[in-house]
Amino acid sequence: MVTCRARGFTYLTVLFVVAILMAGLALVGEMWETAARREKEAELLFVGNQYRKAIERYVISGKAQYPRTLEDLLQDARQPSTQRYLRKLYPDPITGKNEWGFVKGPDGGIGGVYSLSEAQPMKVAGFRPRDASLAGAQKYSDWKFSFTPAAVPAAPDK
């Protein structure tokens, strides 16, 4: 026959096991959320650099003129034949929306893009050289992916 004392001990043991399982699930959930955020950051770096490269190719192929809209990167109307710099317009991986902030180019066109998210990034250091300007950013909207032409060195005087 089971005594009241034994039933109480079994009940406490079950509660303790459930508490341990819940703590483990909480840790797994936190790790999963961290991994998802890191994945979105990596995707933002990829997409941002795709836009940067597309803007660079657009500017170089057309008399230093910057695109007026992102759709100009899909099909360049300045060229006699179809010229594409992007296959599709990418959504912002952080916000999930098709809206981007724009960095103005010297001629008033789009010189670059950035996320509209005000969230704090997890990655603040250890960027590749092409993304070195992103180090120390306080929010994703500070991650600006823009094309700036390299200064042409002056010809030496003879």
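Visitor: What does buried mean here, as a relative accessible area?
Guide: The model is a predicted one. Residues over 50% count as exposed, and those in between as partly exposed. Buried means under 20%.

Visitor: Is Asp 76 buried or exposed?
Guide: Asp 76 sits in the loop between α1 (4–61) and β1 (101–104). Its relative accessibility is 3%. Buried means under 20% relative accessible area, so Asp 76 counts as buried.

Visitor: Which residues does Asp 76 touch, not counting residues up to four places away in sequence?
Guide: Gly 62 is 14 residues from Asp 76 in sequence, and their C-alpha atoms are 9.3 Å apart. Leaving out residues up to four places away in sequence, the residues touched by Asp 76 are Tyr 58, Ser 61, Ser 81, Gln 83 and Tyr 85.

Visitor: With which side chain does the side chain of Asp 76 make a polar contact?
Guide: A polar contact needs a pair of N or O atoms within 3.5 Å. The side chain of Asp 76 has such a contact at 2.8 Å, and the partner is the side chain of Arg 78.

Visitor: Is Ala 64 buried or exposed?
Guide: Ala 64 also belongs to the loop between α1 and β1. Its phi is positive, about 55°, although Ala 64 is not a glycine. The relative accessible area of Ala 64 is 52%. Exposed means over 50%, so Ala 64 is exposed.

Visitor: How many residues of the lining of the largest pocket are charged?
Guide: The largest pocket has a volume of about 170 Å³. It is lined by 13 residues, and Ala 42, Leu 45, Phe 46, Arg 128 and Arg 130 are the closest to its centre. The lining divides into four nonpolar residues, two polar ones and, for charged residues, seven.

Visitor: What kind of aromatic pair do Tyr 51 and Tyr 90 form?
Guide: The whole structure has seven aromatic pairs. In the pair of Tyr 51 and Tyr 90, the ring centres are 6.1 Å apart and the planes are at 85°. Tyr 51 lies in helix α1 and Tyr 90 in the loop between α1 and β1, 39 residues apart. Planes over 60 degrees apart count as edge-to-face, so the pair is edge-to-face.

Visitor: Which residues form one aromatic cluster?
Guide: Tyr 51 and Tyr 90 are both buried. They belong to one aromatic cluster, whose members are Phe 46, Tyr 51, Tyr 90 and Trp 100.

Visitor: What is the distance, centre to centre, in the aromatic pair of Tyr 140 and Trp 143?
Guide: Tyr 140 and Trp 143 are both buried. Their pair is edge-to-face, with 85° between the planes and a centre to centre distance of 5.4 Å.

Visitor: Is Ser 117 buried or exposed?
Guide: Ser 117 is placed in the loop between β2 and β3 (144–146). Not counting residues up to four places away in sequence, Ser 117 touches Ile 94, Thr 95, Lys 139, Tyr 140 and Ser 141. The relative accessible area of Ser 117 is 10%, so Ser 117 is buried.

Visitor: What separates the C-alpha atoms of Gly 105 and Thr 148?
Guide: Gly 105 is in the loop between β1 and β2 (110–114), and counts as buried at 11% relative accessibility. Leaving aside neighbours within four places in sequence, Gly 105 is in contact with Tyr 66, Ile 110 and Gly 111. Thr 148 is 43 residues from Gly 105 along the chain, and the C-alpha separation is 8.3 Å.

Note on methods. Residues are numbered from 1 along each chain as its sequence is written. This is a predicted model: local features need pLDDT of at least 70, side-chain atom pairs count only at pLDDT 80 or more; totals for chains, interfaces and linings use all residues. Side-chain values use heavy atoms; hydrogens and water are left out. Helices (H or I, at least four residues) and strands (E, at least two) are DSSP runs, numbered from the N terminus. Buried means under 20% relative accessible area, exposed over 50%, partly exposed in between (1.4 Å probe, protein chains only). Contact means heavy atoms within 4.5 Å. A polar contact is a pair of N or O atoms within 3.5 Å; within protein, one must be able to donate a hydrogen and the other to accept it, and residues adjacent in sequence count only if both atoms are side-chain atoms. On a 1 Å grid over the protein atoms alone, a cavity is a set of points where a 1.4 Å probe fits but cannot get out, and a pocket is an open set with protein on both sides within 12 Å along at least five of seven lines; lining residues have an atom within 4 Å of a point. Grid points are joined across faces, edges and corners, and a volume is the space filled by probe spheres set on the points. Ala, Val, Leu, Ile, Met, Phe, Trp, Tyr, Cys and Pro count as nonpolar, Asp, Glu, Lys and Arg as charged, and the others, Gly among them, as polar. Rings of Phe, Tyr and Trp (its six-membered ring) pair if their centres lie within 6.5 Å; planes under 30 degrees apart count as stacked, over 60 as edge-to-face and the rest as tilted.
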